[in-house]
Amino acid sequence: MQLLKRLIDILPASYSQLVFIVLLFIFSSATEVIGIGAIGPFISLATSPELIYENKYFEIAYKISGISSETVFVAFVGVTLILVFFLKSFIAWFTQAFIIRFSEEQQRLVINKLISAYLTAPYIYHTQKNSSSIIEVSLAVAGTFSTSILRPILSSISNLFVVFSLFALLIYASPSSMVVVLCTLAPTAFILNGFRDRVQRWGTVKRRSAESIVRTINHAFGGVKETKVVGCEDFFEDKIIEYTQNFKDAGSNFSAFRIVPRFLFEALMLACVVGMMSSVLFLGQDTQTLIPVLGIYGLASIRLIPAISNTIAGAVMLKNSAFTVNQIYAELFELSKLSRSLDNNVETHNESGQSFTFNEEVSLSNISFSYSSSDSCVIDNISLSIKKGESIGFIGKSGSGKTTLVDIVLGLLIPQSGNLLIDGNSIYSNLDAWRKLIGYIPQSIFLMDDSLEKNIAFGVDENQIDYDKIWKAIDLAQLRDVVEGLPNGIKTNVGERGVLLSGGQRQRVGIARSVYHDSDILVLDEATAALDNETEKLVTEAIAKLRGSKTLITIAHRLSTVENCDRIYVMDRGRIVKSGTFAEVVCEQQSV
């Protein structure tokens, strides 16, 4: 019940949709009872037409029909019963078809809900989250939520209504015979229930194995060059073999167990019907009275066997999917909690939705920040101002807080105290508007496995790309020669992570990207740290073209990188310990 409640919490379906499904299940069950329940009276009527006058309902129907012949009336009842069965079958098909459509729609909405939650999650969430886990959860939902979780469970609930309705019909038809059936089925259900923990364990092993497979593949191919050079292909291959073996064992064990109820209940229901007939013959009772009951039991068995087995299979599937359901629930709950926490941390200093223009300065006012996993401040009461068009640099030892401070400037981390102002307005009144003003060039530029033009116009639909801006950005980033050397110019696919470009070319694509998006403020986070001197010179020249027209914030280890900055800040343990021009700082800061 806890799993079912969590599944309902995950579903985007409205309350009215769930009510409609329950009513549809009830209506479908009622048609099953009417159709199967009519078999007994029809068999009695067919074997003894004189019952027309002994049953008031038959007698009323006979008179209303205007049929003069009893045999013709019986045939008419038979044709009516056939039509009822066709209607019952159509309603049963419609119910299952609705379940399929509903399940697929819910899967689509849950996937959208998860991806939206991941994309809007605070940056700090992604610093603590393994990307392979995000991929695996998304793939698990995409691949199994509808076909392996929701659809079987809804079918089980539908079949559960049918089972209870038919049991009620069988009790009404022959209470004593139903006692025999229940006494036969109850021990079997008890035995099957004993496997519930094993079923859940199989599901957990299968899901964790799938997650390990995704993580191992990411590790092996994410650094395929290192994998080849070190020669650890066998290591990753052995891991994949181990995880796929666990995945196979858990999956095959569960699949084999899931079909047990169907074959078991087929034998049990047949044993019940034959047993009832045998006991009547053994006791020397009149078999004529048993024929209608056996007709109902026989037809009910045809419907009960798949209904019971599917009901149990759905319960087994839910138990097997417990790890996935709990994982999705936990992800959405955690993301929702983080989103609320972010909303509480962002104080609205101005009118919500305000747009920004950058005309004067950006000010950091008494900014302090610490990570939840640490008691000490990573950024400790920092205040400074950056004039429009200025170029400033941050230097300091590793762990001094430079990157964290830049993440705060980018609006990715929200400080516990202090404020960040643009022309006197808090950026936290509209972080989206602030981020449109700021560009970011990290040490390693992320490039999509796509064309150069799409990597420059990152996040822009192809039919909305402004090619005048593309070429302007290419020229400012000194990429013209590179583009002319590519086989298809800006249409050339740069490969996964820009593998067809050199390190310096990738960095200049990052500069071109910021220029294309008209970023007023450009943050360079160790943008030239991984480059050789020759390549660094090219990138530095590209950056130099932006001085004055863009406000530049540079993080660097090399002093040469910040040599042309208007002002340099030296950081240590989250504080600014020295600031000034390059000449004022370099005398005391020979190496960083």
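Q: What makes up the accessible surface of the chain in this predicted model?
A: The accessible surface comes to about 30300 Å², and 58% of that belongs to carbon and sulfur atoms.

Q: Why are some residues of the chain called buried?
A: A residue is called buried because its relative accessible area is under 20%. Buried residues make up 45% of the 592 residues in the chain.

Q: Why are strands E1 and E4 said to pair?
A: Pairing needs at least two bridges between two strands. E1 (residues 361–369) and E4 (residues 417–422) have 5 bridges, so they count as paired, in the antiparallel sense. In one of these bridges, the partner of Val362 is Ile422 in E4.

Q: Why do E4 and E5 count as a pair?
A: E4 and strand E5 (residues 425–426) are joined by 2 bridges, and the cut-off is at least two, so they pair. The two strands run antiparallel, and Leu421 stands opposite Ser426 in E5. Their hairpin has 2 residues between the strands, and Asp423 takes a positive phi near 50 degrees there.

Q: What makes E6 and E10 edge strands?
A: In the open sheet, the order is E6-E7-E8-E3-E9-E10 and the pairing is mixed. Strand E6 (438–441) and strand E10 (575–580) each pair on one side only, which makes them the edge strands. From one strand to the next, the twist averages 20 degrees.

Q: How do you know that E6 and E7 pair?
A: With at least two bridges required, the 4 bridges between E6 and strand E7 (residues 521–525) are enough, so the strands pair; they run parallel. Gly439 stands opposite Leu522 in E7.

Technical notes: Residues are numbered from 1 along each chain as its sequence is written. This is a predicted model: local features need pLDDT of at least 70, side-chain atom pairs count only at pLDDT 80 or more; totals for chains, interfaces and linings use all residues. Side-chain values use heavy atoms; hydrogens and water are left out. Buried means under 20% relative accessible area, exposed over 50%, partly exposed in between (1.4 Å probe, protein chains only). Accessible areas come from the Shrake-Rupley method with a 1.4 Å probe; for residues, only the protein chains shown count as cover. Axes are lines fitted to C-alpha atoms, for helices over the stretch in contact, and angles run from 0 to 180 degrees between N-to-C directions.
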